[in-house]
Amino acid sequence: MKKLILLAFPIMVLSCAKQQTTGIDLSNLDTEKVAQNDFYHYACGGWMEKNPLTGEYSRFGSFDVVRENNREQLKGLIGDIAAKEHPQGTIEQKIGDLYNLALDTARRNAEGIAPVMPAIEELQKAERQDLSRLLGESMQYGIFGMYVDADEMNSSMNILKSFQGGFALGEKEYYFDQDEQTTAIRQAYTEHVEKMFSLFGYQDAAERAKTVLRMETLLAGAAKNNVELRDPQANYNKMSIAELKSLVPQIDWDAFFGAMNIHTDSISVGQINHLKEAGRILAEEPLDDIKTLLTWQIIDGSASYLSDELFMQNFEFYGKILSGREEPTPLWKRAVSTVDGTLGEAVGQMYVAKYFPAENKARMLELVGNLQVALGERIDAQEWMSDETKAMAHEKLSAFIVKIGYPDKWRDYTDLEIRKEDSFFANLLRASKFEQEYSLSFLDKPVDKSKWYMTPQTVNAYYNPSSNEICFPAGILQYPFFDMAADDAFNYGAIGVVIGHEMTHGFDDQGAQFDKEGNLRNWWTAEDKERFEARTKVMADYFDKIEVAPGVHANGRLTLGENIADHGGLNISFQAFQNAQAAAAKRLETRDGFTPEQRFFLAYANLWAQNIRPEQVLVQTKSDPHSLGEWRVNGALPHINAWYEAWNVTEESPMFVKPEERVDIW
């Protein structure tokens with residue numbers, strides 16, 4: 001995709017001639033709270049009262065409101081297609097048949113466990129020498145994974161990469177932490193595994209559950225935790241296939257790669273110790289125990305797509321116990337999500353045609369241009385950076401690839417077969433194989449920088465360091481993130497901060513390690529890098545001290561990148577807003593009792609309005625690199641000087657942080 005160099009753009013005032021709204025919904029506020037003491041609940045308390053958690057949600061926030069709206073829109077598009085017959089092989093046939101299969105629980109109840117039994121039976125016949133081949137062939141289990149992505153040291157080319165896996169709880173802390181809550185989850189997980197084996201007819205289910213926990217604990221013990229996974233240098237270990245064979249000789253790599261139809265000379269091993277442990281397990285652990293673990297992975301991975309009984313048992317643990325949800329997501333929503341996740345760009349093409357006006361993209365381009373100007377000014381203003389490093393930062397900023405709305409070319413789904421005569425699970429298995437082959441089709445080829453890593457209907461945004469790109473899908477470009485009818489105070493406080501957030505990811509503790517071409521290469525002077533790390537440590541230490549639940553603190557190292565991005569996004573967008581105000585023929589006025597600057601921060605806070613269950617607080621604190629919604633406001637704003645000025649925050653406020661103790665990065 002053509003790079004958009006926007007730094008030379010003049011400042012554009014986004015307000016139209018006609019009177020625009022403030023975009024601020026006053027009913028979202030809780031004016032009984034004092035803004036200077038608890039800005040989050042002041043700005044979002046009314047929203048929280050209006051949007052109580054329903055049984056299907058463990059957390060419900062502004063993002064989810066937009067996602068619900070999008071899902072209703074997709075339901076209409078997909079449902080209309082599914083109501084008619086279409087010629088076999090057309091995209092409409094694939095969408096319609098997959099949707100109808102997802103809705104047909106009566107058929108799944110009748111089929112029971114039959115769709116997955118061939119894989120389980122094949123596994124039971126296997127000898128130890130067959131395991132490497134089976135791991136390569138199967139889409140249903142594995143103790144490590146493979147994918148294709150840009151080579152961090154040569155970002156113009158794709159390379160094969162391995163990553164750790166094989167433990168269903170995902171975070172290694174769940175297997176080792178001894179606090180009461182984690183211990184209870186581990187016990188509940190073991191009981192869940194036992195129940196699932198029982199539902200599959202195993203008489204020794206209890207023993208199998210113990211075996212699963214033991215085997216997963218071995219894999220988790222050799223794995224890196226979420227903080228360690230954030231280090232791109234430590235997770236880049238390029239080697240030849242010959243070196244891989246020497247590193248982990250217990251795996252028959254010729255059989256494994258042959259089963260996956262992989263032909264390459266090199267690989268980047270993400271987590272060496274974990275892969276070595278996977279090899280040891282395959283060679284040394286009892287064969288029956290290995291089969292039990294892999295059988296569990298088939299059961300665990302298929303449960304959501306089989307009978308209602310299996311689905312509900314799966315929900316009892318992952319939904320209720322782990323995240324605190326009271327009831328599962330309604331069937332029609334799960335069906336829409338299945339189609340969306342399987343045929344995403346095909347659905348996205350229809351979504352964009354109906355719901356994304358061209359003027360939205362044009363206004364976003366103006367916003368991005370203004371934000372890039374502001375970030376350039378912020379770089380120049382940093383007294384702690386040398387001119388040499390500033391020049392390199394400007395080069396990286398100028399090289400940003402900007403993607404807005406939808407891709408320039410749409411993905412081809414011709415080779416994906418959806419057959420209604422096959423089971424729902426068989427079709428999803430075929431779709432997984434299709435995705436794997438799609439990923440492998442890029443192996444050892446030049447990186448396609450026009451490729452999108454989110455569908456247009458996704459309510460999110462991203463920065464990709466290996467291509468130095470920022471992407472804002474059409475799905476997020478709606479209220480409360482973006483409002484064509486609202487004034488600049490709102491749009492800079494909302495989508496402007498999101499844009500600035502993604503830009504800042506290019507300069508956070510991870511992104512700053514990549515150069516303008518997306519290569520993992522240091523472009524900092526030694527002194528500047530040391531000063532940068534000292535400033536990011538202030539951020540990490542500050543969030544480490546936040547108590548998110550009784551006795552539970554935030555993880556400042558895990559959330560460091562996202563917190564830096566929030567910090568930068570706020571500063572950059574506020575500066576861009578001030579630039580736009582200075583260029584306007586008439587500055588915005590106080591409306592609804594709030595100055596434009598105050599409305600900027602209210603718009604930002606409303607992005608993170610949410611209600612959340614206690615169980616989910618603990619899950620996200622362990623696993624999510626994003627801070628909880630409350631602390632993306634009350635943790636971020638105390639380090640933004642403009643917030644103090646806009647809201648007259650004084651030393652009497654419990655949110656007050658001394659100027660010399662505030663984070664000052666971008």
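Which residues in α8 meet which residues in α14? The model is a predicted one, in which local features need pLDDT of at least 70, side-chain atom pairs count only at pLDDT 80 or more, and totals for chains, interfaces and linings use all residues. Residues are numbered from 1 along each chain as its sequence is written, and side-chain values use heavy atoms, with hydrogens and water left out. From α8, the residues are Ile 185, Ala 188, Tyr 189, His 192, Lys 195, Met 196 and Leu 199, and they meet Glu 309, Leu 310, Gln 313, Asn 314, Phe 317, Tyr 318, Ile 321 and Leu 322 in α14. Contact here means heavy atoms within 4.5 Å. Divided by class, this contact has ten nonpolar, three polar and two charged residues (Ala, Val, Leu, Ile, Met, Phe, Trp, Tyr, Cys and Pro count as nonpolar, Asp, Glu, Lys and Arg as charged, and the others, Gly among them, as polar).

The axes of α8 (residues 180–199) and α14 (residues 308–323) come within 10 Å and cross at roughly 180 degrees. Axes are lines fitted to C-alpha atoms, for helices over the stretch in contact, and angles run from 0 to 180 degrees between N-to-C directions. Helices (H or I, at least four residues) and strands (E, at least two) are DSSP runs, numbered from the N terminus.

The next element is an open sheet of four strands with mixed pairing, in the order β2-β3-β5-β4; two strands pair if DSSP finds at least two bridges between them. At the edges stand β2 (144–151) and β4 (238–240), each with a single partner strand, so one side of each has no neighbour in the sheet. From one strand to the next the twist averages 35 degrees. Strands β4 and β5 (residues 266–269) run antiparallel and are joined by three bridges, and Lys 238 has Ser 268 as its bridge partner in β5. Helix α11 (residues 253–260) packs on the sheet, where it touches β2 and β3 (154–164), and its direction makes about 70 degrees with that of β2. Helix α12 (residues 272–284) lies across β2, β3, β4 and β5, at about 145 degrees to β2.

Now for the spaces. On a 1 Å grid over the protein atoms alone, a cavity is a set of points where a 1.4 Å probe fits but cannot get out, a pocket is an open set with protein on both sides within 12 Å along at least five of seven lines, and lining residues have an atom within 4 Å of a point.

Of its 30 lining residues, Met 139, Tyr 141, Gly 142, Phe 144 and Phe 163 lie nearest its centre. Helix α19 gives the most to this lining, with five residues.

Two backbone details remain. Tyr 479 and Pro 480 are joined by a cis peptide bond with omega of about 10 degrees. Asp 444, which is not a glycine, has a positive phi of about 60 degrees.
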